[in-house]
Amino acid sequence: MDWKLEGSARETESDVLQEQDVILEDTGEDGLSDSFRLLQIDVECEHQEGETLPTGAAVWCSKNVQRKQRHWEKIVAAKKSKRKQEKERRKANRVENSGICPQHSKRFLRSLTKEKLLEAKHSGPRLCIDLSMTHHMSKKELSRLAGQIRRLYGSNKKADRPFWICLTGFATDSPLYEECLRINDGFSSYLLDVTEEDCFSLFPLETLVYLTPDSEHALEDVDLNKVYILGGLVDESIQKKVTFQKAREHSVKTARLPIQEYMVRRKNGKNYHSEILAINQVFDILSTYFETQNWPEALKKGVSSRKGYVLQNSVE
């Protein structure tokens, strides 16, 4: 009886082995790989179900998992290295373009700019923007003037030897003031003087020089003892001699930029030639001349070729 049971068990085991051989032959390598994957999943599931490994024992991972993990670590390391290189490249570009020492922080640079501007208030050249003629200007013209004030102030902040700026005839409840607040970020924090008083009542008349393109006298130099006035006027109808007549009414000296002395008219299709510049363009010329003492270089900075003028030595 026992012999029969043992023989039957052997026959059953033999049949099972034969069936497994048949399965392996049918599935080939793919089937074997799937079987190993199933085994791996079973092992991982056993660990996840709460089976605690001994302390200090290494967690078992298949070679495939280890290979994928190494590959992923390489990708992460490459990304970190690339970000670091890009950060260093941008930093080098900022230093190269600005010429600023890289150890200077933004806070330090803001402090340095503030110090230069406050020093200009006591010992630098002074410039008044006469804003008493804006009541007839359209909303579009006011917006353009507000933009010119922003660009003028930005240029002054960047200057090595800045001017002290004073906005005169400028009421805080005026449409221009509201427009400046609207389109100029941080306008209320600008380091300059704002007053409703007229420029002619703020300073002695003998110290004033009104810069106007209609003057007969060319500006020869920037005098620290003078206060220069720019008319804050954007007039698309081009009313002539508005600022010149205002200066004469107050018996104030006038001057024009020496465009005629250093530049010549250049032929263009529209035969257009104009010495009327925006206030920020006039300021760029004054600021550049004050730093370089070179009128051709200064005029090149502020007079666009669209005005129909070029420097004398640039004419072919």
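User: Which exposed residues sit on the face of α5 turned away from its buried side?
Analyst: Those are Pro175, Glu178 and Arg182. Exposed means over 50% relative accessible area, buried means under 20%, and partly exposed is in between, with a 1.4 Å probe and protein chains only. Keep in mind that this is a predicted model, where local features need pLDDT of at least 70, side-chain atom pairs count only at pLDDT 80 or more, and totals for chains, interfaces and linings use all residues. Residues are numbered from 1 along each chain as its sequence is written, and side-chain values use heavy atoms, leaving out hydrogens and water.
User: OK, and which residues of α5 are buried?
Analyst: Leu176, Tyr177, Glu179 and Cys180, in a helix that covers residues 175-183. Helices (H or I, at least four residues) and strands (E, at least two) are DSSP runs, numbered from the N terminus.
User: Why do they line one face?
Analyst: Looking down the axis of α5, the buried residues fall within an arc of 160°, so they line one face. That arc is taken from the directions from the helix axis to the C-beta atoms.
User: What do they pack against?
Analyst: Against α4, residues 139-158.
User: Switching topic: what's the strand order in the open sheet?
Analyst: The 6 strands run β3-β2-β1-β5-β4-β6, with parallel pairing. The edge strands, each pairing on one side only, are β3 (193-194) and β6 (253-255). Two strands pair if DSSP finds at least two bridges between them.
User: How many bridges do β4 and β6 have?
Analyst: There are 3, and Val209 stands opposite Lys253 in β6.

Key
Contact = heavy atoms within 4.5 Å.
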